[in-house]
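Here is a short briefing for a first look at this model.

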Amino acid sequence: MKLLIISILFILFAFHPVLAQENKEIKISGEFRNVPFDGFAKEIGTKYNVRFFYREEWVKSLTISTTADSLPLSKLMHNILVSTTLDFVLTSPHTLVLLPD
């Protein structure tokens, strides 16, 4: 029984930093109408201190038309990229890497 309690406590403490990071995700607000992805990335980067990493040829024809009201960055990016052949990874709350699907 003691081993079970220790195991449960270990699991809770081991995953605590991961769970805490979810709450730190940047919330985005704004209206974007026919904005080229480069412009979108620059605006988000400037306003929210987010660094985007991607190849320009992946986004050259991608325009952003969406509205966000305190939307987590991951949800916003999912909405933007859902109909593309791109995916993304948030390597930290302030670093986003685009990847081909």
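On helix α2, the face turned away from the buried side carries the exposed residues Lys 42, Thr 46 and Lys 47. Exposed means over 50% relative accessible area, buried under 20%, and partly exposed in between (1.4 Å probe, protein chains only). This is a predicted model: local features need pLDDT of at least 70, side-chain atom pairs count only at pLDDT 80 or more, and totals for chains, interfaces and linings use all residues. Residues are numbered from 1 along each chain as its sequence is written, and side-chain values use heavy atoms, without hydrogens and water.

**Helix α2**
- Phe 37, Phe 40, Ala 41, Ile 44, Gly 45 and Tyr 48 are buried in α2.
- Seen down the axis of α2, the buried residues fall within an arc of 130° (directions from the axis to the C-beta atoms), so they line one face of the helix.
- Those buried residues pack against β1, β2 (51-53), α3, β3, α4 and β5.
- Helices (H or I, at least four residues) and strands (E, at least two) are DSSP runs, numbered from the N terminus.
- Just after α2, Asn 49 takes a positive phi of about 55°.

**Contacts of Phe 40**
- Beyond neighbours within four places in sequence, Phe 40 contacts (heavy atoms within 4.5 Å) residues including Phe 32, Phe 52 and Met 77.

**Val 59**
- Val 59 sits in helix α3 (residues 56-59).
- Val 59 counts as buried because its relative accessibility is 3%.
- Leaving out residues up to four places away in sequence, Val 59 touches Phe 37, Asp 38, Tyr 54, Leu 86 and Leu 98.
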